[in-house]
Every structure is written in C-alpha cells, then in structure tokens.
Amino acid sequence: MRHAWLALATACTLSVVARPALAQGNYEIQVYGAETQAPGTTMVELHSNFTADGQKQFIDGVDPTNHAEHETIEITQGLNDWSEVGFYIFTSEQSGTGIQWVGDHIRPRVRIPERWRWPVGVSLSMEAGYQRAFFSQDTWTWEIRPIVDKTVGRWYFAVNPALERTWHGPDVNLGVGFSPAAKFSYDFTKQISGGLEYYADYGSITNIASLHNQQQQLFPAIDLNVSPKWEINFGVGIGPTAATDHWIVKGILGRRFDWGRKTSQ
Amino acid sequence: MSRPIPNPQRTALPTRRNFLRYAALAGSALLLPSCARSQGNPTLDPSGPPPAPPDVHIDIAEVDWELSPKKKIRTAAYNNQIPGKLLRVTEGKPVTIAITNNLDRAEIVHWHGQWIPSDVDGSMEEGSPMILAGASAQISFTPRPFGLHWYHTHTPAHRELKLGLYSGQFGVLLVEPRANPAPYDAEQFLVLHDWEPYFVSSDDGSEMVDYAVSSINGRTLGHGDPIQVKEGQRVLFHIVNASATEPHWLSLAHHQFQIVALDGRPVPIQAKVDLLRIGPAERISAIVTMDAPGIWILGETRARFRNAGMGVVLEYANRTGKPLAPAEAPLHWDYRIFGDSSPTAHAPDVTVPLVFTSRFEGHGALDRWMINGKSYPDSEPILLKRGLRHRLVFENRSKDDHPVHLHRHAFELVSVRGAATSGIFKDVVIVEAGSTVEADLVADNPGDTLFHCHQQDHMDSGFMTLFRYA
C-alpha cells in the first residue's frame with residue numbers, strides 16, 4: 001500500500017453537508033488524496049464522527065447534530081490503475097432516536113495514472129446519492145471533486161476544490177455550491193504523520209455566503225501508517241463560525257483486502 | 001592527439017556525491033579531448049608509445065528508439081542501438097576498446113563481471129576516470145573470466161530518471177570460453193529492461209521506482225523479431241537483466257530451463273526449473289530443449305510486466321497460431337538447487353559482516369541506505385588482505401530484497417538463509433528481505449573494489465562501500 005495519506009484516497013469529505021450551515025452533517029470528514037485503490041483490492045472503512053458541540057435545535061424538521069454519533073461505512077473497489085468506485089452507508093445515532101439509517105451514496109473516481117508521470121497527483125471524483133429528509137432537507141445531492149496532491153520529502157499537500165449541487169430539496173434553486181477542503185501534513189516517522197485539515201462550505205458560487213454563514217472547520221489530525229493493510233486517522237475539529245459545529249471528534253479505521261492481487265517481488 | 005585524463009584518485013575523491021561537481025569539469029574536455037588507458041597504467045604518458053588500435057568502438061549518444069510502433073523513446077544508448085552491440089571477446093586475449101562520449105555530461109562504462117584492474121573497471125569510486133562530455137577514451141584489458149557478462153553505465157541518477165541505468169546504456173559482453181559449458185544447437189541473447197520510470201510509494205511507505213514499459217532486446221512483446229526454433233533443438237539462452245531496479249520472473253509454457261551458468265560461472269548442478277528469477281544485473285545461461293511445438297511467449301510470468309512488454313514470441317518451425325503466454329505461477333527461486341549441498345571445504349580466514357539497513361526520509365523521498373550503519377561516501381573502506389579467504393556475511397535487515405554486486409571479483413555462495421551450499425560463484429546475489437546470505441571472497445585481484453546494491457535508486461542513496469586491499 002502507498003503511505004497512509006494517499007491510502008486515504010478512498011473516502012470523501014463533507015459531501016453530505018448541504019450548503020446551508022444549519023444542515024451540517026459531518027458523516028465523512030476526510031480530504032481526498034489523488035491515489036485510487038489498486039485493481040483487485042477493496043478498502044473497507046469506518047468513519048466515526050462525534051459532534052461534541054453542534055447544532056442543538058431542530059431546524060426545518062432536520063435532526064440537530066449536537067452529540068450525534070455518525071457512523072459511515074465506506075467500501076471502495078479498485079477497478080484498474082486509474083479508477084475506482086466507492087459506496088457509502090451513512091448512519092446516525094442520537095439520544096432519543098437510536099441508530100438511524102441516513103442514506104447511501106455512490107462515488108466513481110478516475111485519476112491520472114502514475115505512469116503518466118505528472119508532477120502532481122490528480123484525480124476527479126463524482127459522488128451522488130440520497131439522504132433522508134430527517135437528516136438533510138436536500139435529499140438528493142451530487143458533487144464533483146477535483147483532487148490535487150503532492151508529496152515532497154516528509155511533506156504532503158492536498159487540495160479538493162469541490163462543487164456541489166442539490167437535485168432534490170430546498171437548495172435546488174441555489175445552484176452550485178463551493179466546498180473546498182485542503183490538507184498538509186508532515187511525516188514525523190514512517191508510522192506517524194501529523195498535520196492540519198481544512199474543510200469549508202462557502203455557499204453558492206454565485207452568491208458566496210457571509211463569513212458568519214459559512215462553514216469553516218480546522219482539524220489537527222494524525223495518520224498512523226502501521227501496516228499496508230490498515231489506515232488509521234484521528235482528528236479533532238474546531239468550527240469557529242456560527243454556522244459550523246464547534247467541536248467534532250473524528251476517526252477513520254480502514255482495512256484493505258487483496259483479492260488475489262499479486263504484488264511485485 | 002592522445003592525452004591522459006587526470007587520475008581522480010590524485011585530485012578529488014570521485015564520489016557519487018560530488019559526481020555533479022566532477023561532471024562539471026566536463027568543460028575541461030575541450031582541453032582533454034581524449035584519453036587512453038591500459039590495464040594497470042591509468043595515466044599513460046602522452047609521450048609514450050601510442051595505444052593499440054581499438055578492437056571495438058563504443059559511441060555513447062542519444063538515440064530515438066522504437067520500443068514498438070506506438071512507443072518511441074529518446075534515451076542515451078551505445079552505438080545507436082538497444083541493447084548495445086554484442087561484444088564477443090576471448091578469455092585471456094587482450095582487447096582494446098575506444099569509447100566516445102557524445103553526451104553533454106560525463107559518462108563511464110563499467111565492465112560488469114570482469115576481473116580487471118580498478119582503473120579500467122569503469123567505476124569512478126574505484127578510480128576509473130570518467131569520460132567527459134564530448135571526449136573519447138581508450139581502454140585495454142584482458143578479459144577474464146569467460147562467460148556471460150555485460151557492460152553498462154555506472155553513473156548515478158538520483159531523481160533524474162533518464163540517467164544511469166534508467167537509460168539505454170547497456171550491452172552484452174560474452175567472453176568466449178575455452179570450452180562450452182554444455183552442448184547446444186543455437187543460442188539466443190535476451191536483455192531485459194524497464195522504461196519510462198516514475199516514483200511511486202511502496203507498500204512499506206517509502207518511495208520507489210516503477211515503470212510503464214518493459215522490453216526484451218529493446219522491443220516490447222510482439223514487436224521484436226520472434227525466436228525461430230526447430231523441434232528437438234537445444235537452445236542456449238543468455239539472459240541479462242539490465243533493469244535499473246526490477247527483478248524479473250521469466251517462464252516459457254511447457255518448457256523447462258536447464259541452468260548451466262549463473263553470472264557467467266558454470267554451476268555444479270545443472271538443475272531444471274520452470275521459472276527463472278533474475279535480479280537486476282544478474283545473468284542466467286540456460287538451455288531449453290525445444291520439445292513442445294507451438295507458438296509461445298517467453299516472458300514475464302507476472303501479467304502486469306508482460307502486458308507492459310516483457311516478453312518475446314518463440315515460434316517452432318511450421319507452426320502458426322496465437323502465441324500462448326505462461327501461466328502465473330508461485331514465485332519461487334532457490335540458488336541452492338544449483339550448488340553442492342555440502343558446505344564448502346574451506347574455512348574463512350576473515351569474516352566481514354555487512355549489515356544492510358535503511359533510514360526513512362519521508363513518504364515522498366527515497367530511503368537512505370546504509371551498510372554497517374554508514375552511507376556511502378561517509379563510510380570507511382573495508383580492508384581486504386590479499387590471498388585470504390574473506391567470508392562476507394550479507395545480513396539484510398531491511399524490508400526490500402537487494403541484488404548486491406561486487407566488482408572485479410566473484411564470490412562463492414556458502415549459505416542462503418542458513419542452509420549450506422557451495423560451488424556457486426557469482427558477482428550478484430539477491431539477499432532477500434530479512435535474510436542472511438554468506439559468500440566467500442578470495443582476495444586475489446588487488447585494487448579498490450566497489451560493493452553495492454545494483455538497484456539504481458539504492459546505490460544512489462548510499463548503498464555502497466569500497467573494499468580496499470590492505
């Protein structure tokens with residue numbers, strides 16, 4: 001397996017997050033790397049996100065996020081050396097509601113193969129799916145996410161300037177939203193990398209929200225590269241704006257399975 | 001006019017670290033248009049007798065090469081061909097070779113597997129002068145030992161993946177034996193190489209080199225001349241892995257390889273195998289009896305390398321059809337089946353531990369490699385005592401396999417993973433990750449001698465050391 005930041009490439013970020021800040025979901029919190037899963041391999045990940053201090057009120061019938069525990073299962077299958085497809089099962093557990101199925105997404109992704117020898121890693125992800133109105137008023141959403149990353153020595157950089165579109169829900173008329181994410185990290189050792197992840201939702205690209213209404217999150221995070229078969233990520237997020245959940249704890253545990261794939265020897 | 005090039009041992013130590021600085025001296029090539037060196041006489045007096053006329057010319061230049069009609073590359077090569085022309089010389093008969101470097105950088109040609117003096121071996125670490133940009137050199141040596149060897153560039157590449165062994169600078173050197181190791185009806189030369197390298201992250205988290213294209217004899221599978229055989233023939237295959245970093249696994253469906261020599265040296269037991277493992281810089285001489293008529297692919301058993309071009313079509317006479325590829329098989333190789341199972345009868349005079357380790361430099365960087373805790377050129381030479389038997393203990397504590405190579409000598413394998421063997425003489429041996437290989441070296445060829453991993457990215461990152469005769 002590649003190192004952990006690149007191995008994390010199978011996930012998505014705040015794709016379930018609708019543009020209105022009050023509908024923040026936080027089901028998957030991850031910056032994409034450009035790498036895709038190798039053909040013949042499957043990555044199974046569990047995203048566990050707990051909102052320690054979030055939205056406490058029902059708004060327009062949407063469940064509040066405060067103290068919500070969101071568990072997302074992500075299964076990504078490598079198709080060839082330049083594509084993969086991911087599938088998501090979103091769940092939420094909250095006092096009084098128990099474990100609830102939230103929705104599902106599918107996410108095909110293509111990349112520039114490494115053999116093209118581009119100076120940076122580049123891939124393009126599309127994600128579409130459904131989430132129940134109890135958890136997001138926008139029930140059908142779509143996202144396109146360009147991904148650029150680069151590893152230089154011990155440093156890693158990635159940017160994901162994602163664009164989102166609501167297919168069904170009150171935000172249909174808002175057009176395309178801009179939800180960038182970025183990350184940098186440093187390899188302290190071969191096994192431990194640490195850095196900062198940034199997630200935002202600026203609202204519609206034709207009508208950028210005021211700072212007060214933007215979602216802005218910063219996650220100091222670490223990655224543990226303990227094995228090629230495992231990926232482990234942990235972070236604590238701070239949301240400084242009123243529209244953002246203020247404290248979130250996130251963790252990702254992933255296991256890769258090789259289905260008869262031969263590694264070079 | 002012929003003038004000597006300065007002996008770098010007398011000027012600055014020509015390390016790989018200061019290679020660029022040394023290469024920058026190429027400007028002085030205008031003042032030193034050519035040089036001549038002979039065995040044991042690296043600094044010929046220009047007023048002395050003129051060197052012998054060369055038997056062989058090697059021109060180093062950029063070439064546009066067609067690996068296949070759809071895959072063309074531009075790379076440095078010898079005599080405008082890939083591989084360079086086959087050099088057939090006779091053991092014990094001196095040969096003079098003229099080399100012209102038409103590149104814009106200094107170059108050097110290493111005579112891999114030859115027991116020749118340091119100043120003509122083709123390694124600046126040993127004191128062989130580089131050939132400056134635009135300059136010529138002439139060297140002479142007496143080929144020995146006989147067998148399948150090769151010649152190739154010995155310059156570093158670091159992160160420039162068009163340099164060093166990533167380029168097309170390699171060719172086969174066949175030193176004719178006084179007697180053939182085994183009877184055969186025909187012979188074929190197969191030179192493996194990988195092209196269009198790029199950096200990827202390896203499974204263990206460090207950066208490594210991978211390739212987009214592979215070839216045999218400079219052509220991808222299906223685009224070179226097929227090997228024509230007749231039923232019943234015994235064909236001797238001379239196989240050289242000229243890849244900068246990749247070991248390769250070759251097979252030929254429904255045929256077996258009878259190994260007659262490894263690294264040019266005859267083996268005690270000519271065992272038959274279905275699958276060949278050949279590490280970077282290793283050579284295998286194997287006879288295949290053509291007893292399964294058909295159209296076959298002789299190539300990588302691993303589909304991803306074969307699909308990248310590592311293969312050649314083998315056609316029996318009067319047979320037609322689509323070539324059939326070898327099936328993927330468990331990758332297994334054991335040097336010991338070609339050796340005597342009894343331990344060597346000789347006790348070592350000196351034991352030389354050589355411990356291979358690496359230091360992580362970041363997920364976006366090549367590891368730093370060390371022998372006995374030191375990276376070249378920060379290591380001290382290891383002293384050899386002339387005439388003594390040195391037991392080299394290669395202990396690989398890293399997670400990579402390493403094809404380690406000793407210049408100007410051969411060593412005898414004594415044990416592999418703790419199991420005794422004897423009678424196998426090589427100059428390259430793959431020391432698998434986490435394993436130990438012992439080999440005996442009789443110090444009988446005085447002069448500085450380079451020892452290194454033959455993976456270009458490893459040797460560029462410090463995996464080498466110098467043996468020096470006390």
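Trainee: Which residue in β6(A) does A:G121 stand opposite?

Mentor: In this predicted model, A:G121 stands opposite A:D149 of β6(A). The two strands concerned are β5, residues 121–131 of chain A, and β6(A), which pair in the antiparallel sense over ten bridges.

Trainee: How many bridges join β6(A) to β7, and in which sense do these strands run?

Mentor: β6(A) and β7 (residues 155–168) of chain A are joined by ten bridges and run antiparallel. One of the facing pairs is A:T151 with its bridge partner A:Y156 in β7(A). The hairpin formed by β6(A) and β7(A) has two residues between the strands, and A:G153 there takes a positive phi near 60 degrees.

Trainee: Which residues of β6(A) lie on the covered face, and which on the uncovered one?

Mentor: The general idea comes first. Side chains in a regular strand alternate between the two faces of the sheet. In strand β6, residues 140–152 of chain A, the covered face consists of A:T141, A:E143, A:R145, A:I147, A:D149 and A:T151. The uncovered face holds A:W140, A:W142, A:I144, A:P146, A:V148, A:K150 and A:V152.

Trainee: What part of chain B touches chain A, and where does its largest share come from?

Mentor: Contacts link 18 residues of chain B with 21 residues of chain A. On the chain B side, β10 (186–201) and β11 each supply at least two residues, and the largest share, four residues, comes from β10(B). By class, this side has seven nonpolar, five polar and six charged residues.

Trainee: How is chain B divided into domains?

Mentor: Chain B has domain 1 (8–176), domain 2 (186–333) and domain 3 (350–469). Between domain 2 and domain 3 of chain B, the C-alpha centres lie 26 Å apart. In contact are 19 residues of domain 2 and 22 residues of domain 3 of chain B. Strand β11 (residues 207–216) of chain B gives the largest share of the domain 2 side, three residues. That side comprises nine nonpolar, five polar and five charged residues.

Trainee: Where in chain B does the pLDDT stay under 50?

Mentor: In chain B, pLDDT stays under 50 over residues 1–35, although the model has 64 contacts beyond four places in sequence for them. Residues 40–46 of chain B are also below 50, with 13 contacts beyond near neighbours in sequence. The model scores ipTM 0.78 and pTM 0.84.

Terms used. Residues are numbered from 1 along each chain as its sequence is written. Chains are lettered from A and ligands numbered from 1 in the order in which they are written. This is a predicted model: local features need pLDDT of at least 70, side-chain atom pairs count only at pLDDT 80 or more; totals for chains, interfaces and linings use all residues. Domain bounds come from an automatic or database domain assignment. Two residues are in contact if their C-beta atoms, placed from the backbone, lie within 7 Å. Ala, Val, Leu, Ile, Met, Phe, Trp, Tyr, Cys and Pro count as nonpolar, Asp, Glu, Lys and Arg as charged, and the others, Gly among them, as polar. A residue is buried if 20 or more other C-beta atoms lie within 10 Å of its own, exposed if 12 or fewer, and partly exposed in between; C-beta atoms are placed from the backbone. Two strands pair if DSSP finds at least two bridges between them. pLDDT is the predictor's confidence in each residue, from 0 to 100.
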